[in-house]
Number of protein chains: 2
Amino acid sequence: LFERAVAKRGPYQVRAFEPNLPAFDAFPMALWSRIAARQWRRSNGSNMAYGELAGYAPLRRAVARYLSTARGVKCDVEQVFIVSGAHEAFTIAANLVADPGDRAWVESPGPFGVRNAVGAAGLELVPVPVDDQGLMVSEGHRRAPDPKVIVVTPSRQHPLCVTMGLNRRLELLEAAERSKSWIIEDDYDSEFRYVGRPLPALQGLDTTGRVIYVGTFSKVLFPALRLGYVVAPPSLVVPFARAIAAFSRGAATPLQAVIASFIEEGHFTAHIRRMRKLYKERHDLLIEEAEKQLTGLLDVLPVDSGMHAMGWLPDGMAGAEVSKKAALVGISAPSLSDYCLEPYAREGLLLGFTCVPPKEMARSVGKLREVLETANN
Amino acid sequence: LFERAVAKRGPYQVRAFEPNLPAFDAFPMALWSRIAARQWRRSNGSNMAYGELAGYAPLRRAVARYLSTARGVKCDVEQVFIVSGAHEAFTIAANLVADPGDRAWVESPGPFGVRNAVGAAGLELVPVPVDDQGLMVSEGHRRAPDPKVIVVTPSRQHPLCVTMGLNRRLELLEAAERSKSWIIEDDYDSEFRYVGRPLPALQGLDTTGRVIYVGTFSKVLFPALRLGYVVAPPSLVVPFARAIAAFSRGAATPLQAVIASFIEEGHFTAHIRRMRKLYKERHDLLIEEAEKQLTGLLDVLPVDSGMHAMGWLPDGMAGAEVSKKAALVGISAPSLSDYCLEPYAREGLLLGFTCVPPKEMARSVGKLREVLETANN
């Protein structure tokens, strides 16, 4: 990543199958721009000065309401902090609750953003494998019975797409309570569930105040906003505010104000509803094209939710190699191995379907087919 | 600060004499809003996706050109990083170049933002007194000969308003080179010089690559943007990019894009020119009103540059107490003692003049007079 930052030239290009990117072509930019213009017109010293460290108050309220209704999060508005991206939330949380040398359970495979942040805070990463219920609590316990931090993606395990069921959730909360661990719940894209209703957040089950809930606007709006939020457990509210004061002094107000209006006026839930429908269509189209073009080359499994599907490679084919070749023809299909801290039983690719316009799906799958055919030889 | 964040209710109110706040009433918001609307209209996957970690490329280029022309900074565009506020730059820089327990020279009195960030990174703060040339290098050397970090405001010492002359600058650079220290140059408001030309940045004199230059858009544009920049010395370019990847994953693109256009189209330097004239008028008005109303109560000294003046209190009067009473009547006049890590010879108040509209100056100075008269009894 850092090498890309240093070396990259020219504007960023969205590539087919890049995971976690929303449908930029379907974002209501005219509406957004009107709300933004109205915010600027209303600007005065109150919202041009330093903002509140904990975040723009109307947005904190809107997020608290939204999380309570849509995600089953139990919180008072005082527990909600707006941060410059979920990554900053992970950084602050890890630095706040742990000391260098403390141990952190991280899913393997698992998301690398939060893992990097926790690692940068000096924690020792203990990889914990994932089964069809998500993070294997018993195996974590066997490897490190005393984690200070447990990082988990319960609503939709990243990148394996499995959902943590109720029993595993209760087991995890009990384990955290026993070992006095802090759980960082990375709830990054659970708005997009195509079958049944979204599962409530783990945080809603927590009765002992050990869950630090982290969400982001990168998936439901767009990543360039660099805005996310934290719901701190009551005991961490004052320490979290203190940490924001020390670390970053809060997030930019203007974009927070636009999002607050976008939510308050009902556009946010309407947009999520529209995207859920659109992403389901793109998902189905990917599965259809994969059946047509990739049979025997890549086993792309349908998913119930989220923004990417897993494509499983035939035995003996290395994901990293395929991924590298795909990049050369403008396709982003990250290798599952990049998400693993220890070897995983199978090799696979992540295929983000949400950012691929329907008219480009067949051609993009075709490009991937060519790459796989070459790699197969 | 953190208590304010937790406890505060209702919208923020700008108060007379609050230091470091620009003239919100004079910001070209209609122009800014038009540029912002154009940016949104042009939005697509390229600038809605995750931005470059080092910052939006056109803004990095614009900042590099501006700093070279206006501040005498010697840098390649690769050395420029856009961050979510100068505070984040301090946090990343301190964590990058030092380990917990290392020592940092900080000016006393001195700015507390950077001091908090360096302290939060685990460094031991060594207060170094300030004379009419700024940070007293020889005294710093006596107290701690081996600082890992030296924090300094050479262009305009904050909050004492003195400028570090050439000899002291060379002494500082030599001391840093001898002790292999990193200098963090906090160049926060030197654009606003009312007498003569702005003094070039210390960074421009550095031949050994030990200066980490930090600037902000909070003063020349407005604080709610939460955007600043760093010029890393060549040896720190890759480590800095790596640290941004680990800490925050970069700043929001949309506001960066607006600033880039604002600079490229010439509005930025025009705005600074206009504000320089306006701030000079407000400065002169403050001095005039202080002479009329505060003689014998507060000795307000004219300044050559910057956004606040110092008001010196009569012997025996405590700045902290006056400041608290002023707050009760809606006046923000921070006590110099808040900026000190060790007692300072005199008690005084900071008086920001840039955010006070001319028609309110006489009345605001009048309120301060009443507070001082009461405190005197």
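These entries record what I looked up in a predicted model with chains A and B.

**Conventions.** I number residues from 1 along each chain as its sequence is written, and chains are lettered from A in the order in which they are written. Local features need pLDDT of at least 70, side-chain atom pairs count only at pLDDT 80 or more, totals for chains, interfaces and linings use all residues, and side-chain values use heavy atoms, with hydrogens and water left out.

**Symmetry.** I superposed the copies by least squares on the C-alpha atoms of residues with pLDDT of at least 70 in both. A rotation of 180° with 0.0 Å of shift along its axis brings chain A onto chain B, with RMSD 0.0 Å. This is therefore the relation of a two-fold axis. In chain A, the C-alpha nearest the axis belongs to A:Ala37, at 3.3 Å. I noted that 98% of the contact residues of chain A recur in chain B, so the same surface serves both copies.

**Interface.** I counted contacts as heavy atoms within 4.5 Å. The contact takes 59 residues from chain A and 58 residues from chain B. The buried area (accessible area, 1.4 Å probe, that two parts lose on being put together, summed over both) is about 5,500 Å². Carbon and sulfur atoms give 66% of that area. I found 0 salt bridges between the chains, a salt bridge being a side-chain nitrogen of Lys or Arg within 4 Å of a carboxyl oxygen of Asp or Glu. Among the elements of chain A that each supply at least two residues to the side touching chain B are α2 (29-41) and α10 (253-264); helices are DSSP runs (H or I, at least four residues) numbered from the N terminus.
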